[in-house]
Protein chains: 2
Amino acid sequence: MLQALREYPQTWQDRQDSAAAWFKTLRDRICAEFEKLEDELSGGPKIGMDAGRFVRTPWSRNDSITPNHSGSQLQGGGEMSLMRGRVFEKVGVNFSCVHGKFSGVFAPQIPGAVESDGQFWAAGISLVAHMQSPLVPAVHMNTRMIVTSKSWFGGGADLTPIYENIKDTADFHGALKDCCDRHDPAYHPKFKSWCDEYFFLSHRNEPRGIGGIFYDYLDSGDWDADFAFTQDVGKTFAQIYPDLVRRHMNKDWTEEQREHQLIRRGRYVEFNLLYDRGTQFGLKTGGNTEAILMSMPPEAKWP
Amino acid sequence: MLQALREYPQTWQDRQDSAAAWFKTLRDRICAEFEKLEDELSGGPKIGMDAGRFVRTPWSRNDSITPNHSGSQLQGGGEMSLMRGRVFEKVGVNFSCVHGKFSGVFAPQIPGAVESDGQFWAAGISLVAHMQSPLVPAVHMNTRMIVTSKSWFGGGADLTPIYENIKDTADFHGALKDCCDRHDPAYHPKFKSWCDEYFFLSHRNEPRGIGGIFYDYLDSGDWDADFAFTQDVGKTFAQIYPDLVRRHMNKDWTEEQREHQLIRRGRYVEFNLLYDRGTQFGLKTGGNTEAILMSMPPEAKWP
């Protein structure tokens, strides 16, 4: 069935396999980096806690007989990796690789899905980290490959500091700019603006954080180049974010700073449930609710 | 302008004035009842706190010159009443009375709004209470009158116990059934089912709470009768809910019960941001964000 999605089925099967394998490799690398941070902690109010470790939970779906509530069919599965630690209050890293058939109402919203008779394949990694310390920024990263009668990559990374730090902001944007520039000088200005537009809470007229990059429907005509870029985004994230965490994780913080963090997390919840396309897409296509809502902060306030 | 919305402008102006005045009266009555509960508290872990009092904050909007981000125009305003107390951890009671013009994209979704050239008038009261005690149910109540080229009432009340209590459930449904039956024996079965369908989290396949009643587009052809019913819903709520609070508010609770309450509140957040039409309507028509999101719980967890 999948081989019918695009021409040259064997080529596409190989590409899908390569992309899915990469997302798993990246997941392993990031989880290892984050566990290392848990071990490295040497100060701050949570030092008495044990270093956290990821817990992996595989999940699978098979709606081939009974379509889910959206009328879509979903097969395949994924693996949630969740850590509740002393640096990372809650961090979820999801890998998923699914295929199926969009329902009639959903297909017209997805490029190439009408032409593929609703059939799609998708693999990706998504990550949200909510930190113990209000001085360490929260972060989101996601990369994915999608195939219908078309195929493309999408993803990005964006930072949500509770207290903005000018050097962190500059270094985060700088790392992503260098990454983009290694592939196409047109990418960074475009993907940075896209990120600013996307991660915006219009009902509050405020950005979610300081942004980063966001891209979608990336199909330059050179699949290898697009895949290399997507891999580079992942590798760049796996380097710069731990650097930022190390700068602040050992500091003490106040009750007032914690309270402010919990309120800012409320905004994060608002964005994810009101606007985030990944969340809405996942919930509407009958994805794994626990995996999708792993992005919710462990605690939030609307005082 | 408003007088053009329906035929017999003077009659409709009088009706709108009467409905708006009633929603204010109901607001005053409910706030007084709730403050009485704050005074009455005689046990439980929060007894050392001061009894809470509502703080009222009026707000007004005038988008007649520059339409808001949705392209709609909104004029008028309202009053938020917010109390953070020792029985009510956070309760918001909003009164609003607005009029304006829906944008072209929004008008077709509202009955009679295409025929009124997008013009509308709306007044109502909405209330959400999140309680200190996990043994006291959270609650939501809302009634409203809307006028375009048509006019109707809508509203309802529903209960969200953290721990379901069979007698509370029976008495809450019983009070609403008696209220409905005083007006039309067909109302309760219809409005109870509507409530169960509406307050349902399909992504979790679970109801928000134990339900109550939900009605909309109520226009029997007898405006006085529909208004009398809407008034009765408000009065019934103002009686039954304080009764339920009194049954449990003086009891002690455990840390474990509090934790469970915070997790259940996460579901409340999910419902309001993913599904609630009032929230989406308000945010999309450029309503007052603070007033709309007053329904968010003071604290919630997704552990």
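**How chains A and B meet**

Between chain B and chain A there are 11 residue pairs in polar contact, counting pairs with both residues at pLDDT 80 or more. Keep in mind that this is a predicted model. The two chains bury about 2,000 Å² between them, and 61% of that is on carbon and sulfur atoms. As for who touches whom, 23 residues of chain B are in contact with 23 residues of chain A.

**Who supplies the chain B side**

- Four elements of chain B each supply at least two residues of the side that touches chain A: helix H5 (255-274), helix H6 (277-284), helix H7 (289-292) and strand S10 (299-301).
- H5(B) gives the most to that side, with 4 residues.
- Sorted by class, the side of chain B that touches chain A has 11 nonpolar, 5 polar and 7 charged residues.

**Charges across the interface**

- The rule finds 2 salt bridges across the interface of chain B and chain A.
- B:Glu290 forms a salt bridge with A:Arg204, and the closest N and O atoms there are 3.2 Å apart.

**Strands that pair between chains**

- Strand S10 of chain A (residues 299-301) pairs with S10(B) in the antiparallel sense, over 3 bridges.
- If you want a spot to start looking, A:Glu299 has B:Lys301 as its bridge partner in S10(B).

- The same surface serves both copies: 100% of the contact residues of chain B recur in chain A.

**Salt bridges beyond the interface**

- Over all chains, the structure holds 51 salt bridges.
- Inside chain A, A:Arg144 forms a salt bridge with A:Asp216, with the closest N and O atoms 3.4 Å apart.
- That pair ties together distant parts of the chain: A:Arg144 sits in strand S5 (residues 138-147) of chain A and A:Asp216 in strand S9 (residues 211-218) of chain A, 72 residues apart.

Conventions
Residues numbered from 1 in each chain as written. Chains lettered and ligands numbered in written order. Predicted model: local features only at pLDDT ≥ 70, side-chain atom pairs only at ≥ 80, totals over all residues. Heavy atoms only, no water. Contact = heavy atoms within 4.5 Å. Buried area = accessible area lost by both parts, 1.4 Å probe. Salt bridge = Lys/Arg side-chain N within 4 Å of Asp/Glu carboxyl O. Polar contact = N/O pair within 3.5 Å; in protein donor to acceptor, adjacent residues only side chain to side chain. Nonpolar A, V, L, I, M, F, W, Y, C, P; charged D, E, K, R; others polar. Pairing = 2+ DSSP bridges.
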